[in-house]
Amino acid sequence: MRPAHLVEAVLFSSARPVSRGALASCTGLSAGEVERALAELAGRYSPERSGVVLREVAGGFQLATNPACSAAVERFRGEARPAPLSAAAHEVLACVLYLGPLTRGAISRVRGVNSDAVVRTLIERGLLAEKGSSEEGQAALLDVTEDFLVAAGASSREDFPPLESLVREEELERVRERLLRGEGR
Amino acid sequence: MTGPLSGFTVELDVYSGPYEWLLALILREELDILEVPLRELVGLYLRSRDPRSPQALRLDTEFVGSASALVLLKSRTLLPLPEEGEEAGEEPASPEELAERLGTYLKVRRAAEALRSRLEANAGHHPSAHEAPPRPGRQRVDRKRLLLSARRVFSRLEEPPVEHLGPITVTVQELAALILASLSRGPVSYEELTRGMDRLRSAVAFAAALSLAHEGSLRLRQPEPLGPLTLERAG
């Protein structure tokens, strides 16, 4: 059996992303063979060529349907996508992703509003999880989950653009100027 | 619960039903006020109100009163809770500190917008529907969740209270014997059989008749649904 076939079969059988290590371990292939098999599968399962695509997410690889076919798949499975997240939920996720792990209190301080209800919804949806407690006390620390990385199509935290790159320095300078001008009044 | 607004029902994502029950759920903290879109709620009331109704003013006053309370409750809930040890009369933040906080928030806002696009772009991926069972030794059990689940399971095993029930004075066997004795004189209607019996005895008589029919000792005849039921000896 060719290495690509073995890797393909394992990925096909798993709903969760499978790491390179797990692929090598269960197929008996070397790291190099796994890498070559994945490269071959990436070509075969590209969005332009197939209804199934190879994704590199949450530190592993996953076979999933091509988003271009999502309407047909959702009709077949008879299930609606979960309701889109609110703007507040995206903000909480962004806080935890870039500044986390954070306590509920720290998230609320960054956003300036109580975020407990939003955090609860995100935990229920499996996008946030409690990971230990803060050094100062017993408050739980929240972090993004593997499901979040899968949902965002990210392999790890490093897949997201740096926070500093999202706002230009001139914009931040304008905020400072406005605040300082306001104080002088 | 029947208040002046008992006729007003709402259809929201988080709740669907009478408005007064919605208020009760919020007050009992069974529904989070933060999840209730107040603007939508007001819109629903405005669309449902009948300005020509003689009760219009009274209903409007009632709604304004309760809706204002919801607005107040929601605005209070939105305020961040003071951290442990944090004094209520804390020094106001300096402009530099405020600028720093706003800068961070601005970055988080931008990150949230980017995240929204990223989540939307990836929403159409559906993985294999086969979820492999966890490997032995890899399953992580959260102690707290296990404790909670165990409590739920064992609470169902507790004996329900039965003080309100009277002593059982009749058995299926007794009434089966009574039915067989009555049938020795020919077919008998269920109505005739249970005449003078209380509800418990009538119900047990029916169970006894079904039991006898099941074992083949009698036949049940009912020409039409809910029509008269006749019991007759089998064979």
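Contacts between residues 24 or more positions apart make up 46% of the contacts in chain A with a separation of 6 or more. Keep in mind that this is a predicted model. Two chains come up below, A and B: 40 residues of chain B are in contact with 45 residues of chain A. Here is a tour, starting with chain A, moving to the place where the chains meet, and ending inside chain B.

**Chain A at a glance**

- Chain A is built from nine helices and four strands.
- If you walk along its sequence, the elements of chain A come in the pattern α-α-α-β-β-α-α-α-α-β-β-α-α.
- Chain A has 185 residues, of which 32% count as buried.

**Where the two chains meet**

- On the chain B side, the contact with chain A involves 40 residues, and on the chain A side 45.
- Helix 3 (56-78) and helix 4 (95-122) of chain B each supply at least two residues of the side of chain B that touches chain A.
- Helix 4 of chain B gives the most to that side, with 20 residues.
- By class, the side of chain B that touches chain A has 21 nonpolar, nine polar and 10 charged residues.

**A helix crossing between the chains**

- Helix 5 (residues 87-99) of chain A and helix 4 of chain B have axes that come within 8 Å and cross at roughly 110°.
- An angle from 65 to 115 degrees counts as roughly perpendicular, so helix 5 of chain A and helix 4 of chain B are roughly perpendicular to each other.
- Helix 5 of chain A brings A:Ala87, A:His90, A:Glu91, A:Leu93, A:Ala94, A:Cys95 and A:Tyr98 to this contact.
- From helix 4 of chain B, these residues meet B:Val108, B:Arg109, B:Ala111, B:Ala112, B:Leu115 and B:Arg116.
- The contact of helix 5 of chain A with helix 4 of chain B divides into nine nonpolar, one polar and three charged residues.

**A helix pair within chain B**

- Helix 2 (residues 38-48) of chain B packs with helix 3 of chain B at an angle of about 170°, and their axes are 11 Å apart.
- Angles over 145 degrees count as roughly antiparallel, and helix 2 and helix 3 of chain B are therefore roughly antiparallel to each other.
- In helix 2 of chain B, the residues at this contact are B:Leu38, B:Leu41, B:Val42 and B:Tyr45.
- They meet B:Phe63, B:Ala67, B:Leu70, B:Val71 and B:Lys74 in helix 3 of chain B.
- The residues of the contact of helix 2 with helix 3 of chain B comprise eight nonpolar, no polar and one charged.

**The sheet of chain B and its helices**

- Chain B has an open sheet of three strands in the order 3-5-4, with antiparallel pairing.
- Strand 3 (188-189) and strand 4 (218-221) of chain B are the edge strands, each pairing on one side only.
- Strand 3 of chain B pairs with strand 5 (residues 230-233) of chain B over two bridges, in the antiparallel sense.
- Strand 4 of chain B also pairs with strand 5 of chain B in the antiparallel sense, over four bridges.
- B:Leu231 in strand 5 of chain B is the bridge partner of B:Val188 and also of B:Leu220.
- Helix 6 (residues 172-183) of chain B packs on the sheet and touches strand 3, strand 4 and strand 5 of chain B. The direction of helix 6 makes about 75° with that of strand 5 of chain B.
- Helix 8 (residues 199-215) of chain B lies across strand 4 and strand 5 of chain B, and runs at about 120° to strand 4 of chain B.

Conventions
Residues numbered from 1 in each chain as written. Chains lettered and ligands numbered in written order. Predicted model: local features only at pLDDT ≥ 70, side-chain atom pairs only at ≥ 80, totals over all residues. Contact = placed C-beta atoms within 7 Å. Nonpolar A, V, L, I, M, F, W, Y, C, P; charged D, E, K, R; others polar. Pairing = 2+ DSSP bridges. Axes fitted to C-alpha atoms, helices over the stretch in contact; angles between N-to-C directions. Buried ≥ 20, exposed ≤ 12 C-beta atoms within 10 Å, placed from the backbone. Parallel < 35°, antiparallel > 145°, perpendicular 65-115°, else oblique.
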